[in-house]
Amino acid sequence: MSEQQTTSAPEENGFSIVIPAYNEELGITGVLNELLQTLEELPDHIPYEVIVVNDGSKDKTADQLESFQDGKINVVNHPQNRGYGASL
């Protein structure tokens, strides 16, 4: 997969959540589902964005993330592992 950049940012007084992921195929779906459920409970006036950085995973993490590319989560795919710092 090629590297993708996020195009939207939260409005003023909003927040961003950045989740680095490396070989997380067994856990990423549960984490994101729980996170989205929690975020749904926020008041509507609080803008947010969720960015998941797939840092060159060699397992099926990228496949798991495809189902979340519906506008609620921005996915950035690094073609090779760049390390934790580069993912943030």
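Let's start at glutamate 24, which sits in the loop that joins β1 (15-21) to α1 (28-40); helices (H or I, at least four residues) and strands (E, at least two) are DSSP runs, numbered from the N terminus. Bear in mind that this is a predicted model, where local features need pLDDT of at least 70, side-chain atom pairs count only at pLDDT 80 or more, and totals for chains, interfaces and linings use all residues. Residues are numbered from 1 along each chain as its sequence is written, and side-chain values use heavy atoms, with hydrogens and water left out.

Glutamate 24 counts as partly exposed because its relative accessibility is 37% (buried is under 20% relative accessible area, exposed is over 50%, and partly exposed is in between, with a 1.4 Å probe and protein chains only). Leaving aside residues up to four places away in sequence, glutamate 24 touches Asp59 and Thr61, with contact taken as heavy atoms within 4.5 Å. Serine 57 is 33 residues away from glutamate 24 in sequence, yet their C-alpha atoms are 7.7 Å apart.

Now for the sheet. It's an open one of three strands, ordered β1-β2-β3 with parallel pairing; two strands pair if DSSP finds at least two bridges between them. β1 and β3 (73-78) are the edge strands, each pairing on one side only. Strand β2 (residues 48-55) pairs with β3 over six bridges, in the parallel sense, and valine 52 stands opposite valine 75 in β3.

What about aromatics? There's one aromatic pair in the structure: phenylalanine 15 and tyrosine 48 are stacked, 6.0 Å centre to centre with 25° between the planes. Rings of Phe, Tyr and Trp (its six-membered ring) pair if their centres lie within 6.5 Å, and planes under 30 degrees apart count as stacked, over 60 as edge-to-face and the rest as tilted. Phenylalanine 15 is in strand β1 and tyrosine 48 in strand β2, so the pair ties together parts 33 residues apart in sequence. Phenylalanine 15 is partly exposed at 29% relative accessibility, and tyrosine 48 is partly exposed too, at 27%.

That leaves α1. Which of its residues are buried? They are Ile28, Leu32, Leu35, Leu36 and Leu39. Down the axis of α1, the buried residues fall within an arc of 100° (taken from the directions from the helix axis to the C-beta atoms), so they line one face of the helix. Those buried residues pack against β1, β2, α2 (61-66) and β3, while the face turned away from the buried side carries the exposed Glu34 and Gln37.
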